[in-house]
Each structure stands twice: as structure tokens, then as C-alpha cells.
Amino acid sequence: MSLITQPKRIPKFFRGNAACPGCPIPRELDILLEELGEKTVLVVPASCSTVILGDTSGMPATVPVVHSAFAAPAAIASGIVRALRMRGEKDAIVTVWAGDGSTGDIGFAALSGAAERNEDIFYVCYDNEAYMNTGIQRSSLTPKGAWTTTTPEGKREFKKPLPFIMAEHKIPYVATASIAYPFDYQAKVKKAKQIHGFRYIHLLSPCPPGWRFDSSLTVEIAKLAVETGVWPLFEIENGEFRLTSVSKTLIDKNNRKPVIEYLKLQGRFSKLTEEEIKEIQESIDEMWEEIKAMVKK
């Protein structure tokens, strides 16, 4: 079939939404919804996506969207999926699409409870590493040294290792993903779709205004996060840990780029000292030693 006669792909998340220039959320949602299909219900807590999905000019998604309070998305999704199953809707996929603030902080109790009960819901955390919609305040998933409006000298604590915490709940599927590796992300969504029970994907989602970089660099920075080892791509399926995509080669320290290559492009890290950069590099290397042990196991 020629390119001329191929059917035109219909996006599941339409252009013309209220996202900032360079924001990866529309493309991330488009990939998600394309794989999950029309029988999807999105539950979206207060976040950037609340604005993007609730623009006054019209809602750009092609599936039902339930807007949620910050603390409640996992609880609401649990209720929706149980109601749908009682009605005989066996194929509907109830999906939480939440930022790091709701996931790791305000909504963590409900998230942990839903995971512990192994509710049949799909949870995606798009992690832009701060409360971006309300003014770039620090979250527990903000990385060490990052500027935010509530950490003007740089955050003092390391980022909460949330994907590993979720894996400790013994749920069927946990994965990390990046918009810089869309086929890896797509494959993980496709796999998670076929699994029953609680499924969790943690998606690094660079934010140009919050991370202080030019909007043309979104994919480059997302790629560097992976290449420097800051953001390992992996999946844990029924307790089995596997590195995916380019991260398979990064277990060798010599294949990882220095973390400074990632940090120097972001204004939020502009106040880091050489000693602090060294400390961040050491923490990445330590994480990869732990990953190496998991791979061997």
C-alpha cells in the first residue's frame, strides 16, 4: 500500500489543547489512548492535565474523563471499575492519569491502598517532578538539588523511588517509561492492557517552564535522563525485573554519560556546586549497583 492510500491516523488526543509549548503530556496521552482503545475511562486528579483536559474551548480527549480531587483518583478509579464490572463491562479499562504530586504525596494513601487490594485499574504517573500547575512547588519526587519556588536554593532531599515502592506492593506489573523512547512506552502500555489487577507505569515527563529549559529540548532532555542513568527503563512483571530499551546497555558504567550532561541543560540545577554534582553522580552509580544485583537475581 502506498503512503498516499494509507488511512490517516486519527489522534486520540487532539491538537489545539491548553498545554504549554514543549509539554509532552498531549503526546504521552495520545500514545496511551491509542493503545488502550475506546473502552477507556480516564480519572484525572488536580494537575496540569486538569487544565489541558478541561479547557473552555472543549475537551480534547476522545474517551470519558472523570476529574478528581488531589487525594482521590485511585479511590475513585476503584469505585468506577467495580461499578462497571457489576454492570458486565468486562473490557473497560479504568486508568488514572496523575502527576507526581497526587501520586507520591497527596494521593499516596489511596494509591497504596488500591495497589494493596490489587484493584483492576491501570495507573500512570506522568512525573514532571514538581507541582507545576500551581506554581512549581517541590514534591517528594523533585530530585535533589532542583530549584523550585519552595526550594529556591535547591531541594535538599533525594527523589522518592516510587516505582520501586510500588513494586513492593507485589502488584502484577510495574514499569518506567520516557517520551524519548515512545516505542518502549507503547509496548509497556500494550502489555499492561492485557494484565488484570493493579498495573503501574511511571513516566518521566520533562516540563520546560518548571525545569527551566527551552521548549525545543523536551525530547533531548528526556533522552539524556535515560542515557546518563538518571532514569532507568525497566519493567517488573510478577516480581521479575528486566531492563528495557537502551537501559540494557547502561548496566555497564562506561556506557552511561556523565550526569552533568543532563543537569547543565536545565536552569533548575544552575546553583549546584561541583560537590553536589559529584554527590548526585555517586547516587546514580549506587542505584545502578542495586539494579545490577536485581538483574543477576
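Helix α11, which covers residues 274-296 in this predicted model, has 23 residues that should span 33 Å at 1.5 Å a residue, and the separation of its end C-alpha atoms, 33 Å, agrees with that expectation; the expected span is taken as 1.5 Å times one less than the number of residues. Helices (H or I, at least four residues) and strands (E, at least two) are DSSP runs numbered from the N terminus. Residues are numbered from 1 along each chain as its sequence is written, and side-chain values rest on heavy atoms, with hydrogens and water left out. Because the model is predicted, local features need pLDDT of at least 70 and side-chain atom pairs count only at pLDDT 80 or more, whereas totals for chains, interfaces and linings use all residues.

The buried residues of α11 are Ile277, Ile280, Ile284, Asp285, Trp288 and Ile291, where buried means under 20% relative accessible area, exposed over 50% and partly exposed in between, with a 1.4 Å probe and protein chains only. An α-helix has 3.6 residues a turn, so residues three or four places apart point the same way. The elements that cover the buried residues of α11 include β8 (240-243) and α10 (260-263), contact being defined as heavy atoms within 4.5 Å.

Strand β8 is in turn joined to β7 by four bridges, and these two strands run antiparallel; strands are taken to pair if DSSP finds at least two bridges between them. Within this pairing, isoleucine 236 has phenylalanine 241 of β8 as its bridge partner. The two strands form a hairpin with two residues between them, and asparagine 238 in the turn has a positive phi of about 50°. Strand β7 is also joined by three bridges to strand β5 (residues 173-178), again in an antiparallel arrangement, with valine 174 standing opposite isoleucine 236.

A search of the whole structure finds seven aromatic pairs, for which rings of Phe, Tyr and Trp (its six-membered ring) must have centres within 6.5 Å, planes under 30 degrees apart counting as stacked, over 60 as edge-to-face and the rest as tilted. The rings of phenylalanine 164 and phenylalanine 234 have centres 5.1 Å apart and planes at 25°, so this pair is stacked. Since phenylalanine 164 lies in helix α6 (residues 162-167) and phenylalanine 234 in strand β7 (residues 234-237), the pair ties together parts that are 70 residues apart in sequence. Phenylalanine 164 is partly exposed, with a relative accessible area of 23%, whereas phenylalanine 234 counts as buried at 1%. Elsewhere, ring pairs link Tyr123, Phe198 and Tyr200 into a cluster.

Lysine 144 lies over the face of phenylalanine 158 at 5.2 Å from the ring centre, and the charged end of lysine 160 sits over the ring of phenylalanine 108, 5.1 Å from its centre. Lysine 144 is also among the residues in contact with glutamate 157, together with Arg138, Thr142 and Pro143, when neighbours within four places in sequence are left aside. Glutamate 157 lies in the loop between β4 (122-127) and α6 and is partly exposed at 38% relative accessibility. Its side chain makes a polar contact with the side chain of arginine 138 at 3.0 Å; such a contact is a pair of N or O atoms within 3.5 Å in which, within protein, one must be able to donate a hydrogen and the other to accept it, residues adjacent in sequence counting only if both atoms are side-chain atoms.

Helix α1 (residues 25-36) has 12 residues, of which 10 are buried, so the helix is largely enclosed by the rest of the structure. The cover of its buried residues includes β1 (40-45), α2 (48-53), β3 (93-99), β4, α7 (182-193) and β6 (199-204). Glycine 37, which follows α1, has a positive phi near 90°. In β1, six of six residues are buried, with Thr40, Leu42 and Val44 on one side and Val41, Val43 and Pro45 on the other. Four bridges join β1 to β3 in parallel, and four join β1 to strand β2 (residues 65-68), also in parallel.

How values were computed:
A charge sits over a ring if NZ of Lys or CZ of Arg is within 6 Å of the ring centre and within 35 degrees of the ring normal.
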